[in-house]
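These are my notebook entries on a single structure, written down in the order in which I looked things up.

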Amino acid sequence: MRYLVLSDIHANLQALETVLADARTRGFDLALVLGDLVGYGADPNAVVDRIRELDPAAIIRGNHDKVASGVEDAEGFNPIAREAAEWTAQALSRDNRQYLADLARGPLIVDDTMEICHGTPFDEDAYVFDELDALRALKAAERPLCLYGHTHVAFGFYRSETDFGDLPVSRDAALSLELDAQYRYLVNVGSVGQPRDGDPRAAYGIVDGDKRTVYLYRLEYPIERAQGRVREVGLPEVLAQRLKLGR
Ligand code: ZN
């Protein structure tokens, strides 16, 4: 079974369409979505429609999905995120808002080897920023491979009884990570629609269950078009600019 892994799409339709086209040429059976379908970007309805068409095998909510759909208020959001969430709430169709409001809270077990969460397995809204966070997340995970999002940084960690470290995620090459049965893994495939690791290319992953391998990909996409849409709908200019910076 090959799983397409998408996280932090953030209403960036241009990035999502580029990723889906690439993933279809590589081939996948089922889709996993790790939350934050909307927020920041200009096309929340089209993005939610595309995700619904994918009919994901597992999908969980992100913090932006909760705020935009009215599950949670914007307390804790910075002014820019709050403005974007308010705009998104207005822009969403009733049907798509309900779809987001009904998304499950992570973590979610996918199969014997894999689970997904938005932030961490112990708290859907917590960030994995450093090694301490990663260790805590690895200990809380119930499956050997835990996929997470929320930081918008493609990264990963491994752990065994005696060993702990981070994965060699390189900017220049697609990472292919063969899973060793002795280790447990925590992997962020990166953000489709708003990367923040200094690489503005759209990020996504494929997990091949038979080969026990995780692939991380980066793709050029029409950033100017996504920026143009952000300006067209009147979202804060900084949200257009950061797409180009990958920050
Ligand atoms: Zn996010």
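This is a predicted model: local features need pLDDT of at least 70, side-chain atom pairs count only at pLDDT 80 or more; totals for chains, interfaces and linings use all residues.

Entry 1, a proline in a loop. I looked up proline 107 and found it in the loop between α5 and β4 (108–109), where helices (H or I, at least four residues) and strands (E, at least two) are DSSP runs, numbered from the N terminus. The peptide bond that joins glycine 106 to proline 107 is cis, with omega at about 0°.

Residues are numbered from 1 along each chain as its sequence is written, and side-chain values use heavy atoms, with hydrogens and water left out.

Aspartate 8 sits in the loop between β1 and α1, and at 0% relative accessibility it counts as buried; here buried means under 20% relative accessible area, exposed over 50%, and partly exposed in between (1.4 Å probe, protein chains only). Alanine 11, also not a glycine, has a positive phi near 55°. I found alanine 11 in the loop between β1 and α1, and with a relative accessible area of 1% it is buried.

Which residues coordinate the zinc ion? I listed Asp8 (OD), His10 (NE2), Asp36 (OD) and His152 (NE2), at 2.1 to 2.3 Å. Donors are N, O and S atoms within 2.8 Å of the metal (3.2 Å for Na, K and Ca), and since water is not among the atoms, sites may look incomplete. The angles among the four donor atoms run from 86 to 176°, and the site of the zinc ion is irregular. For that label, four donors count as tetrahedral if all angles lie between 85 and 135 degrees; four count as square planar and six as octahedral if opposite donors are over 155 degrees apart and all others between 65 and 115; anything else is irregular.

In sequence, the donor residues of the zinc ion follow the spacing D-x1-H-x25-D-x115-H. The two histidines link distant parts of the chain, being 142 residues apart, with histidine 10 in the loop between β1 (2–6) and α1 (13–26) and histidine 152 in the loop between β6 (145–147) and β7 (155–159). Histidine 10 is buried at a relative accessible area of 1%, and histidine 152 counts as buried at 2%.

Cysteine 117 is in no disulfide, and its nearest cysteine sulfur, that of cysteine 146, is 3.9 Å away.

α1 and helix α2 (residues 44–54) pack at an angle of about 25°, with their axes 9 Å apart. Axes are lines fitted to C-alpha atoms, for helices over the stretch in contact, and angles run from 0 to 180 degrees between N-to-C directions. α2 and helix α5 (residues 94–101) pack at an angle of about 60°, with their axes 10 Å apart.

Lysine 139 is in helix α6 (residues 131–140) and is exposed, with a relative accessible area of 58%. Aspartate 55 lies in the loop between α2 and β3 (58–59) and counts as exposed at 59% relative accessibility. From C-alpha to C-alpha, aspartate 55 and alanine 31 are 7.4 Å apart in space, and they are 24 residues apart in sequence. Arginine 82, in helix α4 (residues 79–91), counts as partly exposed at 35% relative accessibility.

Terms used:
A disulfide is a pair of cysteine sulfur atoms within 2.5 Å.
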